[in-house]
Amino acid sequence: MSLSEQTESQIIVDMKRIVTGFGLDPYPTHFELVPKEVIYEMAAYGIPGRMSHWIHGVRFDQFKSQGDYGLGKIFELVINTDPSYAFIQESNDLATNKLVIAHVLAHVDFFKHNASFQNSNTKMMDSAALQGDRLRKYAFEKGDLELEKILDAALSIEDCTDEKENPRKWISAQEYRDAQRQKFKDRQKQKLHPSSPYDDILELGEEKKPEIFERAPHPIDDEKNLLMFLAVHSPLEDWQKDVLTIVDNQAQYFRSQIKTKILNEGWASFWHIRALRAHDEEADNASSDFWRWAQLHCNVTAAHLDNINPYAMGLALWEDIDRKFRGEPLNGSRSEREYDFEGNEVDMSRFVGNPTYDIFRIRAEIPTDQAFLRNFLTPELVRRFNLFTMVNNGNDWVVESKDPKKIRDGLVEGMTNFGKPLLVIPEGGADYNLSGELYITHRQDGDRDGMDLKRMREFMPHLYRLWGKTVHLEGTFQEFEQKTVTGPWGFPFATHSLHSERLIISCSGESVNDISEKLVA
Amino acid sequence: MANEFEYSIALGDDHLSRRNWDLQRKGPIDQARHKQLQREILKKDPGGILTNIGNIITSNGKRLIRVPVKSLDLPTPERGAGRRRIGAGDGSEKEGDVIIPGEKGQGKGKKAGQGEGEGYQELEMTEDEALSILFENLGLPNLEDRGTEQIHDTEVVWNSRSDKGLMSNLDIRHSFIEAIRRQKLRGRDGPPKLDGDHLKFKTWEDKIVEDKSAVLVFKRDVSASMGDFERDATRIAAAWKVRYLRKKYPRGVHTVFIAHHWTADEVSEEEFFKHGRSGGTLMSSAYEKAIEVIESRFPWQNFNIYPFHYTDGYSYDEGDDAKCVRLVTRMFEEHHANLFGYVEISNPAVIAMYKANNINFQEGRLAEALKTISNPRMIMGTIGSFPDIKPLIEKFLAVESRKIAAA
């Protein structure tokens with residue numbers, strides 16, 4: 001073994017010991033040193049063994065360009081499984097790998113303990129590989145193009161789901177339908193024979209009441225998981241339905257990570273700093289400042305929603321929580337006092353030792369970045385990050401407000417439903433016009449919420465492809481309109497305005513030309 | 001740093017390994033599929049190729065064109081631009097400040113929001129590929145047999161056999177046929193044998209291929225009124241026309257390039273495409289120059305003649321328009337021009353601006369004058385924006401319908 005391999009192994013052993021000493025408890029972790037192309041690929045696919053699709057090629061190419069041109073290096077990629085797999089760039093130098101390895105271990109600890117990951121499939125790598133095999137089989141039997149068409153549609157819809165849903169193992173269309181049926185039966189039972197605490201006594205000795213057949217709307221109430229609904233109810237062939245269930249299963253696996261990005265990256269940054277410091281102390285090395293600099297420097301481009309750097313923001317939040325818990329003043333804060341969003345002064349003593357501010361508890365119990373921000377973001381942090389809200393006036397994005405409360409609300413609001421519009425199949429939506437047409441409603445969240453009209457027009461043919469009959473989408477749509485106006489000096493120029501209106505768009509074919517629009521009264 | 005061999009080490013509960021990933025190629029394979037899809041889209045909407053005349057790079061003697069194409073994306077549902085976004089700055093921002101300027105708020109810059117799949121790739125293709133995507137079945141209309149000065153060129157055609165030749169040109173099939181024939185003549189049975197004296201070889205013939213000779217006379221207005229759009233439109237329209245015709249008639253096509261403002265000069269091809277702008281506009285100078293060149297070097301008896309004029313049509317002199325009409329009529333009557341292509345390039349926004357400012361000019365006056373020429377070989381067109389270029393080229397070079405129109 002060469003010197004460098006030996007040292008990497010040693011770092012892993014050291015860091016494991018150090019973070020365990022801090023109280024972290026990760027899954028066993030397999031570290032893999034890989035060429036940078038492999039990291040780009042893992043980042044593009046999300047998990048090894050995932051199916052081929054051109055969209056992964058696009059992401060691979062983007063990561064590769066960013067990485068090769070120095071615009072954004074990916075240092076590591078961790079897979080949420082037990083044991084966990086961590087891919088590290090083989091070209092990282094030793095100094096970097098100390099940081100990276102500590103960072104990785106903290107990530108794995110988060111995967112193991114956070115509420116959003118309970119019930120996550122710990123053998124997802126194996127599952128993804130098996131799913132990939134099935135998809136390859138379909139490609140072979142039915143044709144590459146046929147599979148690609150279904151995947152195009154399924155991948156476009158994959159995030160149309162219930163954001164509160166927890167991870168689950170793969171279920172077949174059959175199982176999903178059985179679960180829906182059971183839900184329906186329970187509701188019927190509840191309506192017809194409302195239960196009471198004495199049911200078990202009352203039912204003794206009584207004859208079974210006849211089951212009453214009642215026509216119910218389809219679906220019986222808002223259906224949020226479009227993919228699984230289509231897997232059960234659409235007129236697709238069995239193999240195509242299977243493709244939908246696979247895409248749904250993989251998407252929900254990744255969603256846990258998407259909705260905890262700030263929490264997780266902040267957690268990992270928080271601990272890698274401390275681990276490095278501890279490691280340096282052990283080695284009698286006084287270069288901790290370099291690590292802090294390295295931490296700030298790394299991953300600059302991993303912008304999450306709207307310019308929020310999850311590493312920086314997450315770290316700031318965890319540090320803030322921790323020092324409040326331990327009663328420490330913030331270094332370099334403008335004043336000793338803190339204020340909440342209502343402008344009232346905060347009594348710092350109520351944080352000290354308060355279990356709500358115990359970071360290990362938070363790591364386990366706070367399930368989303370939204371909740372994290374809602375509970376722990378402070379006006380001081382908003383100011384420190386120089387945040388502001390912005391809106392589009394038709395031509396430019398302009399600063400709207402610097403009020404911390406509006407900013408906090410804007411941040412949280414922007415994260416609802418993964419930042420996407422909420423589409424549901426409402427009661428009766430699967431039999432619209434009593435002719436089996438599909439009706440989808442956009443549940444608007446706040447008066448600024450609307451869908452991008454151009455993009456939704458491209459989205460509709462995919463829905464049609466899966467449903468087979470006309471599909472309607474009612475909601476608020478936004479688009480830019482160009483006008484030519486004469487300016488103050490008589491020169492004409494193009495200007496834009498932002499147009500927002502409530503429409504129903506209907507698609508009865510597989511192309512954008514088969515789409516018609518209608519205003520909603 | 002990196003060394004070559006693989007290893008796998010257990011470290012308590014954890015593990016470290018390093019394997020060979022040379023065969024891992026999923027990313028590039030899926031990216032290749034993406035490029036294929038981009039190419040298909042480009043075929044349907046080749047506007048991006050058209051405006052890319054500047055990107056010719058010579059490599060292996062083949063010219064390459066690099067066309068920027070947008071990355072494809074899956075149409076996942078997205079919120080519209082009415083949504084509220086969060087920005088991060090340096091603290092100096094105030095309410096009302098413009099953060100991302102530009103059309104429809106899609107500006108570039110560090111403060112831009114996350115790019116959702118908005119990358120560009122450069123698709124490479126040869127000039128031939130680009131031409132075959134852009135244009136089909138076009139050619140010089142009204143081509144006639146003119147005079148004795150046709151260009152002869154030889155083309156190699158593999159269409160005959162001989163008894164002598166190089167082994168690499170062996171015609172196996174006919175060699176066997178010959179062997180069977182000889183065998184039967186001698187009354188022998190069994191499989192035929194090839195012997196070195198009676199082999200057949202493929203050989204070629206020098207075929208004389210002719211193109212009718214033609215001269216394309218490009219006249220370009222480089223006066224001050226031709227702005228960036230007008231200049232670019234001219235370059236694009238003329239360049240693709242030249243390329244297509246050169247490819248289609250590799251032997252017969254001559255070119256003449258004339259640039260004019262107040263006066264006209266014959267220039268080299270390179271200069272024609274690079275010429276800056278200056279001066280006023282006297283259209284007739286270009287036509288006079290054209291006639292001069294035709295009379296001295298390209299007499300109509302020996303050449304098909306195709307003049308094209310690219311201008312914004314802003315002529316300042318009424319008398320000059322009449323002169324132009326006379327000159328064009330001369331081109332048809334004395335020099336038997338096969339076609340006269342007049343291209344007026346006008347940017348509607350600029351016209352509106354001139355009007356709004358009461359700037360005195362007469363747009364399209366030359367066009368009005370030229371319309372009085374009632375010869376079916378007089379073809380006029382306008383370019384208001386880049387998408388107009390391709391249909392215009394197709395109009396000028398449409399071969400089928402011209403045959404009927406030529407009187």
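Let's start where the two chains line up: strand β1 of chain A, residues 29–34, runs parallel to β2(B), and four bridges join the two strands. One pairing to look for is A:Phe31, whose bridge partner in β2(B) is B:Leu16. Keep in mind as you explore that this is a predicted model.

## How much is buried

Now step back to the whole interface. Chain B brings 71 residues into contact with 95 residues of chain A. The size of an interface is often given as the accessible area lost when the parts come together. Here, about 7,300 Å² is buried between chain B and chain A, and carbon and sulfur atoms give 54% of that area. Three residues, B:Arg79, B:Arg84 and B:Ile86, supply 13% of what chain B buries against chain A, more than any other three residues.

## Charged and polar links

Which elements of chain B give two or more residues to the side that touches chain A? They are β1 (7–11), β2 (14–18), α1 (26–44), β5 (85–88), β6 (98–100) and α9 (348–356). Helix α1(B) gives the most, with eight residues. By type, the residues on this side of chain B divide into 25 nonpolar, 23 polar and 23 charged.

Notes. Residues numbered from 1 in each chain as written. Chains lettered and ligands numbered in written order. Predicted model: local features only at pLDDT ≥ 70, side-chain atom pairs only at ≥ 80, totals over all residues. Heavy atoms only, no water. Contact = heavy atoms within 4.5 Å. Buried area = accessible area lost by both parts, 1.4 Å probe. Nonpolar A, V, L, I, M, F, W, Y, C, P; charged D, E, K, R; others polar. Pairing = 2+ DSSP bridges.
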